[in-house]
Amino acid sequence: MEPAGIPVVLVCNWRTILKIHPLTLALFTLLPVLCCAEQEGETPAQQDGPSKKEEADPKEEKEEAQAAAMERGNALFSKGRHKQALAEYEAVLALDPDAEGALFNAGLTAYLTDAYRDALRHWTRLEKLDPSDWTLQKKLIQTHQALGDAVSRDARIKKLYALRSGGKNAKLAAETFFCRDQFKVGHFAVFSYEHFELKGERAVRIYFVVEDMRTRNRDYHLSLGSYAMTNAVYQQRLKEEGKPPQRLYHLDGYQGLNHETWQFYAGEPDYDLVRKHVREALEVRIAREKEDAPKKDDALKKEDAPKKDNAPKKD
């Protein structure tokens, strides 16, 4: 699971800020990144006479304008003012359409404001500048999912797997999973992580992290797994019935020591079907919470009621 991070502060000179490639922000998908530009001090005038006014350098002025807009955008982003931040990143891109930092940040702010087509526009342009950037592929996969474009989504997933198996990127080769989707169900935010390989006795293909947006609690999760013991029983059954072997998958929910199985699948299921079942499982949890709420209120009232044994005695 991708850990929740701490806002990162990058302090850099405005002359170099536009050369920084900020795609390390992909590890902090829903987290603010603040990039501050260091202001240069004015040169003091010479005592032996008035200094000559230097002619303005158009290139330098352009860089200053870009750096200032980028700084304003990142400051607004850190405050959660995504739409205003997007306008600043767009201002940077108006000056330099290939500014990589602005392209990534513009895509991110567009995605967070549900402007998925704008996010796709910025990120596909960024992809043309560096087609081998695997961290960007994850964001594009999520964007295609949000747009309901399963064909483009699956093509990019295939490309990500190919980049990993190619072995040219050691960091990607070391990764065991990637975030392929983000969605909401009521007050739950769901982050979907796909494992590249099925490994171990309790192999997992998709891991769904569920966050209660009211409390930021993540004590519940679901997983699409294919466990060795379950499969051993299933394969024996298929053999007895004269059917060909087929791997069994199951969708389970976990909270502490509590466990419940929601679905079984003969063969690896389509992601969208599993996603639908995850939504249904969370809707059931929301309904249960509503049913349990009056019971909890009654329990609290009884707890707060004065105990007769401790009532003051009359003289």
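## Leu-147 and its surroundings

In this predicted model, Leu-147 touches Tyr-116, Arg-117 and Leu-120, once its neighbours within four places in sequence are left aside. Leu-147 itself belongs to the loop between helix 5 and helix 6. With a relative accessibility of 25%, Leu-147 is classed as partly exposed, because that class begins where the buried class, under 20%, ends.

Along the chain, Leu-147 and Ala-115 are 32 residues apart, and their C-alpha atoms are separated by 9.7 Å.

## Helix 4

Helix 4 covers residues 116-129.

Several residues of helix 4 are buried, namely Ala-119, Leu-120, His-122, Trp-123, Leu-126 and Glu-127. The elements that cover these buried residues include helix 2 and helix 3 (100-112), together with helix 5 (134-146) and helix 6 (150-166). Leu-120, one of the buried residues of helix 4, is also among the contacts of Leu-147.

## The pairing of helix 1 and helix 2

Helix 1 consists of residues 58-78 and helix 2 of residues 82-95. Their axes come within 8 Å of each other and cross at roughly 165°. The two helices are therefore roughly antiparallel, since angles over 145 degrees fall into that class. The crossing of helix 1 with helix 2 is left-handed.

On the side of helix 1, the residues that meet helix 2 include Lys-62, Ala-65, Gln-66, Ala-69 and Met-70, as well as Arg-72, Gly-73, Asn-74, Leu-76 and Phe-77. On the side of helix 2, the partners include His-82, Gln-84, Ala-85, Glu-88 and Tyr-89, along with Ala-91, Val-92 and Leu-95. Sorted by class, the contact between helix 1 and helix 2 holds 10 nonpolar, 5 polar and 3 charged residues.

## The pairing of helix 2 and helix 3

Helix 2 also meets helix 3. The axes of helix 2 and helix 3 come within 9 Å and cross at roughly 150°. That angle makes helix 2 roughly antiparallel to helix 3, and their crossing is left-handed.

From helix 2, the residues His-82, Ala-85, Leu-86, Tyr-89, Val-92 and Leu-93 take part in the contact. Helix 3 contributes Ala-102, Leu-103, Asn-105, Ala-106, Thr-109, Ala-110 and Leu-112. By class, this contact of helix 2 with helix 3 comprises 10 nonpolar and 3 polar residues, with no charged residues. His-82, Ala-85, Tyr-89 and Val-92 of helix 2 are among the residues that meet helix 1, and these residues also meet helix 3.

## Two loop residues with positive phi

Most residues other than glycine have a negative phi. Asp-114 is not a glycine, yet its phi is positive, at about 65°. Asp-114 is located in the loop between helix 3 and helix 4. Its relative accessibility is 53%, so Asp-114 counts as exposed.

Arg-216 likewise has a positive phi of about 65° although it is not a glycine. Arg-216 is found in the loop that joins strand 5 (202-212) to strand 6 (217-227). Arg-216 has a relative accessibility of 58% and therefore counts as exposed.

Tyr-220 is part of strand 6 and is buried, with a relative accessible area of 5%. Beyond residues up to four places away in sequence, Tyr-220 touches Val-210, Gly-253, Tyr-254 and Gln-255, and also Glu-260, Trp-262, Leu-282 and Arg-285.

Arg-275 is situated in helix 9, which runs over residues 271-304. Arg-275 has a relative accessible area of 18% and is buried, because the buried class takes in values under 20%. Apart from its neighbours within four places in sequence, Arg-275 is in contact with Gln-145, Asp-181, Gln-182 and Phe-183.

## The protein as a whole

The protein has 315 residues, of which 38% count as buried. Its secondary structure comprises 9 helices and 8 strands. Among contacts with a separation of 6 or more, 53% are between residues 24 or more positions apart.

Methods
Residues are numbered from 1 along each chain as its sequence is written. This is a predicted model: local features need pLDDT of at least 70, side-chain atom pairs count only at pLDDT 80 or more; totals for chains, interfaces and linings use all residues. Side-chain values use heavy atoms; hydrogens and water are left out. Helices (H or I, at least four residues) and strands (E, at least two) are DSSP runs, numbered from the N terminus. Buried means under 20% relative accessible area, exposed over 50%, partly exposed in between (1.4 Å probe, protein chains only). Contact means heavy atoms within 4.5 Å. Axes are lines fitted to C-alpha atoms, for helices over the stretch in contact, and angles run from 0 to 180 degrees between N-to-C directions. Angles under 35 degrees count as roughly parallel, over 145 as roughly antiparallel, 65 to 115 as roughly perpendicular and the rest as oblique. A crossing is left-handed if the near helix is turned anticlockwise from the far one by less than a right angle, and right-handed if clockwise. Ala, Val, Leu, Ile, Met, Phe, Trp, Tyr, Cys and Pro count as nonpolar, Asp, Glu, Lys and Arg as charged, and the others, Gly among them, as polar. The expected span of a helix is 1.5 Å times one less than its number of residues.
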